[in-house]
Every structure is written in structure tokens, then in C-alpha cells.
Amino acid sequence: MKKQLKFPLKSEFFKTVRYRVDQYFLNSGKQKHANAAMWFKVVFFLSTFLTCYALIISGNLSWAAMLGLAFLLGMCKAFVGFNICHDALHGALSSNKKVNRFFGMLFNLLGASPYIWKISHNAVHHTFTNIPGHDDDLVVAPGLIRIEESDPVRKIQRYQHWYAYPLYGLASISWVFRKDFIKIFRPKIGQVAVRHPLKQYVYLFGSKLIYCFLFILLPLIVLNIKWWQLCVGFVVMHIAQGFTMGLVFQLAHVVEDTAFPKVGINGAMEEAWAEHQMRTTANFSGQSSVVTFFLGGLNRQIEHHLFPGVCHVHYRDLSLIVKQTAAEYGLPYIENPTFFHALSSHYRLLKFFAVTECPRSKFSA
């Protein structure tokens, strides 16, 4: 893959914060990967997911009860993605690559390709965070949602701060039937050129067929329900999953204080990569143990972007180091105190760009 953008190599901030984080692990005797608390989370979320699925497939419940379980199953799928697959696909769950590969493959149970995710998220998003035209994660609903000034203004967008949220609920359905297929047949993801091995095409189509068997064909065979009831349950499951995942990702990067930097001459960026991450990424609900438990540390995106190879159970301790070091180097540490503060900030940004074609200066460096 050829990366066209260039960040300055020298970063005293990152050199310092990385040294301090390394010293933290050295002095505390902790490992950067999963600890007992993390393995408890793995068992908890996988058990909850499998229990919901088994109860639905058992056919011993009313259709209304199964519909409620379908909604819960969708949320469980999102939590499995947050807490297990995300760390595994970053190589942060275990020091053993085979263990990471195994748990990363569970991403297929969410309806998404772990191979495509590692390219679009790990390689592209984590490198070109919030850079329009380069960060593939910024492409949510082209033509419908506008979050940066280079996007054309359309009349329908004046209502985007209302209809954006239902659109987030369609994200996981798009993964299953559209998004992964589009990406694997395109020569670029973002602005990064890619060539996919033939076996990845086979894996993609094979995994999608298995997913459709587990969540469409098998329930239709074993359950005494009509096809339209299955369709309703399938859509409800994916709306719960897509809304949960889509909203969490938006609150980490698309809020008022985060920057959407422009590319300089010849692809040169003004700041080093680590400084860029500090300006384009935001935390929320950092002090909430409940939010952190369910979101797998994705509410501490700053620490995750700086140290993606560290398991998320360590982010709370690392946040103290990162915040102090950022202050020393005059860098922002963007954080919303609660989930609802972050949600309100995201709403205001959507509303701002829904009605104006004004420059980005209010929301970017």
C-alpha cells in the first residue's frame, strides 16, 4: 500500500509520552496485553451473545420476546466488536498472534470482514485520522451527511442533525450486503492503493454466506415464523448493532473541538502524526466505569490512537500520562465529561454544517 501523505517524522511529544508509557509498564510489572479483567470481559460478552442467539433459535419464546432478544443481540454484537474484536484486530488482546487472529475472526459474526477492517480502520483511519478524502471512516452517507466544508451543500442536509441518527442504524446492514464488497473491488481505500490476494475474495464471500446461514436461513428453518417476521427481526437486530457502533465512532472524532486538517503542498502535513492525533480525536465519559466496560475503551480514543497495540483495559492509567504530557507540550486533550455531552456536541456540529457553507475554522485548527 502506498501512502501519499507525509507527516513530519520528528515528534518530541510522542517520544516523551511513549517513553513514559513504557516506564509505566516496566515499573508496574504489568503487560500491555489482556489481564484477568479483560479475559473476564471476553467470557462475559461472548456468553451474552451466544445466550441471546441460542434463546432465539430455541423457538421456545413468543415472537414478541424473540424480537426483544433480536434487539439485545444486536447490541451484544456491537459490544463483542468493541471489547474483543477491536483489540484482537489491533494485536492488542494477546501477545500470541494466533490468539489475536482467532478472536479477530469473530468479527465475521458481526457481518463485517476482519480483513477489510484492518485495512480501512487500522491502516487508513489510524494514519489519516479526520483528513477529508483520506480517512475512509469519514464516509458515512455521501450526499446526505455533511461534516466538513469540502462536501457540497444540499437542501436535504438542513435536516441532517435529525435524520443522521437513523442512518447510523443502517451501518451494519451496509457492512453485510454492500460496504465490504465495494471496498474489496476498488483499487483504493481512501487514497491508499491496495491489491487483495485471491484468497481474501474467497474468504469474504464464504464468510458472508456463513453469516447469512446463521442469521437468516437457519432461523427460517428452525423457527415457526413467517418470512416477514424474520425480516423484521433481522432489521431490528442490525439497527441496534449499527446505531450502537456508528454513534460511538462518531463521538470519538466528529465533535466540535476535533480538527479536520487539510493536506498541504505535495501531500505534506503541518504536524507530526502524534500531534495530529491529539487534534483529531476526542474522549468521552472517561471517568465512567460502566461506559468503559461496555464500550471497550473506545470512549478513550486518544489513548487508543496513540497506543493501538495496548489492550484497552490499561487506557485509564495511560490517560493520566497522556493528558499530563500533552499539557507540557501545549497540545489539546479533547474530552467530553459524559456521553450526553459528547452526543450534544456531535448534534451541534451536524446542525452547524446543515445550514451553512461557512469555513471550517470554528471546528478545526
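A residue counts as partly exposed when its relative accessible area lies between the buried limit, under 20%, and the exposed limit, over 50%. In this predicted model, Lys30 has a relative accessible area of 38% and is therefore partly exposed.

**Salt bridges**

The structure holds eight salt bridges. In one of them, the side chains of Lys30 and Asp317 meet at 3.3 Å, N to O. This pair links distant parts of the chain, since Lys30 sits in the loop between α1 and α2 while Asp317 belongs to helix α13 (residues 315-328), 287 residues apart. Asp317, with a relative accessibility of 30%, is partly exposed because this value falls between the two limits.

Asp180 and Lys208 form another salt bridge, their closest N and O atoms being 2.9 Å apart. Asp180 lies in helix α7 and Lys208 in helix α8, so the pair ties together parts that are 28 residues apart in sequence. Both Asp180 and Lys208 are buried.

Glu271 likewise forms a salt bridge with Arg279. Glu271 has a relative accessible area of 26%, and is therefore partly exposed. Arg279 reaches 23% relative accessibility, so this residue also counts as partly exposed.

| Salt bridge | Closest N to O distance |
|---|---|
| Asp180 and Lys208 | 2.9 Å |
| Glu271 and Arg279 | 2.6 Å |

**Helix packing**

Two packed helices are described by the angle between their axes and the distance between the axes. For helix α2 (residues 36-58) and helix α8 (residues 198-222), the axes come within 10 Å and cross at roughly 35 degrees. On the α2 side the contact is made by Phe49, Tyr53 and Ile57, and on the α8 side by Leu214, Phe215, Leu218, Pro219 and Val222. The residues of this contact divide into eight nonpolar, no polar and no charged.

Helix α6 (residues 160-168) has Gln160, His161, Tyr163, Ala164, Tyr165 and Tyr168 as its buried residues. Their cover includes α7 (171-184), α9 (227-253) and α14 (339-355).

**Surface**

Phe40, Phe44, Val290 and Phe294 form a nonpolar patch on the surface, and together they have about 360 Å² of accessible area. The elements that give two or more residues to this patch are α2 and α11 (289-295). Phe294, found in helix α11, counts as partly exposed because its relative accessibility is 30%.

Leu26 lies in helix α1 (residues 12-28). With 63% relative accessibility, Leu26 is above the limit of 50% and therefore counts as exposed. Between Leu26 and Trp162 there are 136 residues of separation in sequence and 48 Å in space, C-alpha to C-alpha.

Asn130 is a residue other than glycine with a positive phi, near 60 degrees. The loop between α5 (114-125) and α6 holds Asn130. The relative accessible area of Asn130 is 0%, so the residue is buried.

Ser285 is not a glycine either, yet has a positive phi of about 50 degrees. Ser285 is placed in the loop between β3 (283-284) and α11. At 4% relative accessibility Ser285 counts as buried, because the value is under 20%.

Terms used
Residues numbered from 1 in each chain as written. Predicted model: local features only at pLDDT ≥ 70, side-chain atom pairs only at ≥ 80, totals over all residues. Heavy atoms only, no water. Axes fitted to C-alpha atoms, helices over the stretch in contact; angles between N-to-C directions. Helix = DSSP H or I, 4+ residues; strand = E, 2+ residues; numbered from the N terminus. Contact = heavy atoms within 4.5 Å. Nonpolar A, V, L, I, M, F, W, Y, C, P; charged D, E, K, R; others polar. Buried < 20%, exposed > 50% of the residue type's maximum accessible area, 1.4 Å probe, protein only. Patch = residues over 30% accessible without salt bridge, like charges linked within 9 Å, V, L, I, M, F, W, Y side chains within 5 Å. Areas by Shrake-Rupley, 256 points an atom, 1.4 Å probe, with all protein chains shown as cover. Salt bridge = Lys/Arg side-chain N within 4 Å of Asp/Glu carboxyl O.
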